[in-house]
Amino acid sequence: MRYRERTNQALEDVSGEVKRTREWLTFEKRTAWQGEVRRRQRRVDQALAELATSKLSVMKDDHSAQELEVKKARRALAEAEEKLRLTKKWARDFDSIVEPASRPLDSLRERIASELPKAIGSLDAMIRLLGDYAGREAAPVRVETKRPEEEAP
């Protein structure tokens, strides 16, 4: 019984982890990267506004710092958009990748449910038989031996 309980618990733990990973990927990670894309887009907009203000300023001729900030913000935005794209792809492909790997676990679960009770019953019967056998007094073993003089040449 302990083996079946532990095995079933382990299988439930694995199933739970698969579900949690799917939810994490589909909801938490996706939402986090969507928020990051919005935040980084605001940073690009802010950098562009600072560049435009710098260009309109009469006192400043050098806009390289603002242009560098715009490039940096755009790279960061592109990175976040790529991470979001990959997260969506992984979420979409998750079941097709994980399901084939989890089929043996379903098979194991079915075997435990159907064959383990039979095996336990067989082991119980063997234990009873061995107990009965060990509880009996051993019958004397009679071995007949012939004397060397009784044997024919």
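Hi everyone, let's start at Ala 47: setting aside neighbours within four places in sequence, Ala 47 touches Glu 69, Val 70 and Ala 73, where contact means heavy atoms within 4.5 Å. This is a predicted model, so local features need pLDDT of at least 70 and side-chain atom pairs count only at pLDDT 80 or more, while totals for chains, interfaces and linings use all residues. Residues are numbered from 1 along each chain as its sequence is written, and side-chain values use heavy atoms, with hydrogens and water left out.

Now the overall picture. The protein chain has two helices and zero strands; these are DSSP runs, H or I of at least four residues for helices and E of at least two for strands, numbered from the N terminus. Helix α1 covers residues 2-56 and helix α2 residues 64-135, and they pack at about 170 degrees with axes 8 Å apart. The two are therefore roughly antiparallel, a label for angles over 145 degrees. Their contact residues divide into 26 nonpolar, ten polar and 19 charged.

What makes up the largest nonpolar core? Ten residues: Trp 33, Val 37, Val 44, Ala 47, Leu 51, Val 70, Ala 73, Leu 77, Ala 80 and Leu 84. Such a core joins buried nonpolar residues through side-chain atoms within 4.5 Å, buried being under 20% relative accessible area with a 1.4 Å probe. Both α1 and α2 give two or more residues to this core.

The buried residues of α2 pack against α1, and among them are Gln 66, Thr 87 and Phe 94. Across the protein chain, buried residues make up 16% of the 153 residues. Thanks, everyone!

How values were computed
Axes are lines fitted to C-alpha atoms, for helices over the stretch in contact, and angles run from 0 to 180 degrees between N-to-C directions. Angles under 35 degrees count as roughly parallel, over 145 as roughly antiparallel, 65 to 115 as roughly perpendicular and the rest as oblique. Ala, Val, Leu, Ile, Met, Phe, Trp, Tyr, Cys and Pro count as nonpolar, Asp, Glu, Lys and Arg as charged, and the others, Gly among them, as polar. Buried means under 20% relative accessible area, exposed over 50%, partly exposed in between (1.4 Å probe, protein chains only).
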